Amino acid sequence: MNTFLAEYETAAIARIRKRVDDDGGGELVIRREDAPCVVKSYEGRPDEIHCWATTDAIDMEGEAVFPSGMDYKTYILKNATVFLEHETAPKMVVARLRNIYPKADGGINGLVSVTTLLDKDDDDVRAMKGLAKEKMLRQSICFMRQDSGKPKPEDGPKFQAARRVTRKAMGRELSFTTIPCNPECTQLAYKSLQERAKSVLD
């Protein structure tokens, strides 16, 4: 990993952990999804970015998180803010969360987020849009474990190789990132309004 990025990420995580401690403690987890997001461009409206926010894949740290046990409504959907690299200062808000919903597609089981980038003259927002168009943008979810441990037989054969299985969690915050952990989180679409209308007519 690039030294600057490693230091940047370490400092950001330290700040998030401090906030969690200030809120009463708990185990903080950041799960990065290794799937590019997809942009859908609609004429007269902000571009939509569709991402796998989390899936049940065993990630690069050996953990599987069950999307069915993720509470994404209490904080993530209600707050509707999407940050850059888990930096939660106001200037680091780069998008608005429009929706997040469960989805199973092609063997992938997870949560899909729909976001729109903020309309502001900002280098970070421009960078996010550029990365998304090149299918290089990823998403990362920050959550607190509520029920986790070693895999159990009832978790299913897919998860027996995991180091840890998280069955229930409280989602705290959603960010765009370029350093993924989960190999399944990819971008889903990039279509203009005209392209979408044509596909409906066809």
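User: What makes the link between the side chains of Thr116 and Arg98 a polar contact?

Analyst: The side chains of Thr116 and Arg98 are joined at 3.0 Å. A polar contact is a pair of N or O atoms within 3.5 Å; within protein, one must be able to donate a hydrogen and the other to accept it, and residues adjacent in sequence count only if both atoms are side-chain atoms. The pair at 3.0 Å is therefore listed as a polar contact. This is a predicted model, in which local features need pLDDT of at least 70, side-chain atom pairs count only at pLDDT 80 or more, and totals for chains, interfaces and linings use all residues. Residues are numbered from 1 along each chain as its sequence is written, and side-chain values use heavy atoms, with hydrogens and water left out.

User: Is Thr116 buried or exposed, and how do you know?

Analyst: Buried means under 20% relative accessible area, exposed over 50%, partly exposed in between (1.4 Å probe, protein chains only). Thr116 has 5%, so it is buried. Thr116 lies in strand β8, residues 108–117. Strands (E, at least two residues) are DSSP runs, numbered from the N terminus.

User: Why does Glu48 count as buried?

Analyst: Its relative accessibility is 15%, so Glu48 counts as buried. Glu48 sits in strand β3, residues 48–55. Its side chain also makes a polar contact with the side chain of His50, at 3.0 Å.

User: What places Arg172 over the face of Tyr75?

Analyst: A charge sits over a ring if NZ of Lys or CZ of Arg is within 6 Å of the ring centre and within 35 degrees of the ring normal. Arg172 is 4.8 Å from the ring centre of Tyr75 and lies over its face.

User: Why is strand β10 called largely enclosed?

Analyst: In β10 (residues 164–177), 12 of the 14 residues are buried, so the strand is largely enclosed by the rest of the structure.

User: How do you know that β9 and β10 pair?

Analyst: Two strands pair if DSSP finds at least two bridges between them. β9 (residues 138–149) and β10 share 11 bridges and run antiparallel. Ile141 has Leu174 in β10 as its bridge partner.

Methods
Helix = DSSP H or I, 4+ residues; strand = E, 2+ residues; numbered from the N terminus.
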